[in-house]
Amino acid sequence: FIVGIRQDAVKDGTIAEFQRLTTLDEKQDFIQNLRDNPIDVLGKTGTNTLIRSLQTEVNNEINVNTRTATALEGDIKAARKIMTAGGDPGEEALLKLEARAQSLGEFGAGAGQMMANLRVERDVLLQFRRMAPGQLQNTLNNMANGLEGIGGEGIDTQLEADILNSGRALLRTMNERVQSDPLSFAAQAGHINFTPLDIMSGDANAAASIAERRDQARTAAAIYGVEPKFLTNEEASVFANLLKTSDRLARMQFLTSVAQHFGNDAPDVLAQVAPKNPELGHIGGLLLLGRTEAANEALEGMDLIKQGNKAVNFTPTNTQPVFSTAVGSALVYQSEARAAAFAVAKAIYTSRSFDKGLDDFDEGLYLDSINLAFGYNAQTGKGGLQSVRDYTVLAPSQLDGEDLNDMLEEFTPESLAANTGQDINPALAQSIAENERFYLAVVEEGKYYIVAG
């Protein structure tokens with residue numbers, strides 16, 4: 001009986017001493033010492049029984065730590081995936097991962113090395129993101145010879161290969177996204193402090209918000225060597241949907257705000273919205289020309305059409321020949337603008353026909369609606385569709401057909417050079433001035449090709 005008590009006491013003391021050990025190495029050494037030096041009271045058999053119990057506890061601890069380390073390495077891989085996808089897990093998340101690796105001791109050694117590599121790769125990628133595409137390309141070309149302070153010459157470590165692959169993937173993404181959405185990419189890279197665009201909350205707020213956005217767009221464009229885009233892709237979709245679903249007053253407010261506050265950049269803003277809603281982009285263009293009444297009539301007509309109203313006998317048979325004849329060759333290089341103008345002319349005609357209570361198709365009213373859709377100023381007779389050398393030309397808002405005709409007749413190499421910086425053969429310039437088979441075809445507002453008919 002007394003021997004049993006002594007054996008239990010020794011066993012409990014041994015277990016307590018074992019459990020006070022903090023590292024697996026200490027516990028393994030403790031077990032090995034028991035193998036080498038069995039406890040007299042327990043004997044070899046009793047000591048081996050105790051060893052099996054203690055070893056089971058060690059094995060369980062090893063399994064738990066191994067699973068924990070595997071899970072941690074998975075989390076580190078996920079953090080790296082965020083980085084290589086263009087995001088950033090953030091400093092706080094990295095510190096927590098590092099603390100978890102340290103808490104695992106020797107089991108966290110692999111995770112610790114992964115974290116050290118992630119730190120280096122993150123620092124490099126954050127620098128990459130702030131580069132212009134050309135600068136990044138040059139940097140990657142230089143890095144192909146190896147990274148200073150890592151490995152030997154050339155790419156001879158996994159870390160170097162990972163950094164180079166991530167950089168190349170970033171460059172591909174950058175080349176795509178800086179063309180389509182430079183603002184979003186610049187904001188993600190930290191080049192600009194992006195704030196949502198406020199267009200609809202009154203003139204003062206809109207003016208301040210738009211002024212800031214114009215600066216941000218130019219900053220992003222200068223960094224990436226692209227043309228400025230003043231809306232993100234998401235904003236362009238949101239505004240296109242707003243123009244599609246809002247009432248006439250809200251649409252007019254939006255378009256007027258863009259025209260007033262974006263100034264010379266307004267056509268570029270409308271161009272971003274127009275592919276998603278070309279008719280409303282076209283109406284915004286009318287506002288830029290100061291054709292507020294025509295724009296308002298177009299919006300009113302669009303609402304009538306949306307509500308299911310139709311102008312009497314406004315059929316393809318009645319309208320398409322009239323529209324084609326009126327437009328002629330004016331938009332030979334502007335097929336999308338032609339389609340949008342047709343829709344806007346239909347909307348203006350619908351508004352006017354309902355105002356007049358027409359009970360049949362009125363060709364004259366439709367011709368007026370077509371010209372108004374192209375920016376014609378009925379008070380001055382300028383802008384819109386004009387006849388020049390018996391060709392239909394879309395005239396700038398401040399010119400009429402006679403003005404354009406005079407410009408062609410007075411065409412010289414000197415006048416071309418003064419306006420465009422381009423040279424022309426004097427004989428060809430004289431032919432353009434004297435031969436009426438040369439006519440104008442609009443490329444964009446105020447810019448034309450001279451075409452030989």
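The exercises below work through a predicted model of one protein.

Residues are numbered from 1 along each chain as its sequence is written. Local features need pLDDT of at least 70, side-chain atom pairs count only at pLDDT 80 or more, and totals for chains, interfaces and linings use all residues, while side-chain values use heavy atoms, with hydrogens and water left out.

**Exercise 1. Find which helix has the lowest mean pLDDT and which element has the highest.**

Step 1. pLDDT is the predictor's confidence in each residue, from 0 to 100. Its mean over the protein is 88, and 99% of the residues reach 70 or more.

Step 2. Helices (H or I, at least four residues) and strands (E, at least two) are DSSP runs, numbered from the N terminus.

**Exercise 2. Locate the buried residues of helix H18 and say what they pack against.**

Step 1. In H18 (residues 401-409), Gly 401, Leu 404, Asn 405 and Leu 408 are buried.

Step 2. These buried residues line one face of H18, because they fall within an arc of 100 degrees when seen down the helix axis. The arc is that of the directions from the helix axis to the C-beta atoms.

Step 3. Their packing partners are strand S1 (384-388), strand S2 (391-395), helix H20 (426-434) and strand S3 (438-444).

**Exercise 3. Which residues touch the most other members of the largest nonpolar core?**

Step 1. A nonpolar core is a set of buried Ala, Val, Leu, Ile, Met, Phe, Trp, Tyr and Cys residues joined through side-chain atoms within 4.5 Å.

Step 2. The largest such core has 103 residues, and Phe 128, Ile 283, Tyr 366, Ile 370 and Phe 374 touch the most other members. Helix H3 (residues 43-84) supplies the largest share, nine residues.

Step 3. Another core, of 14 residues, lies apart from this one; among its members are Val 388, Val 393, Ile 424 and Leu 440.

Terms used
Buried means under 20% relative accessible area, exposed over 50%, partly exposed in between (1.4 Å probe, protein chains only). Contact means heavy atoms within 4.5 Å.
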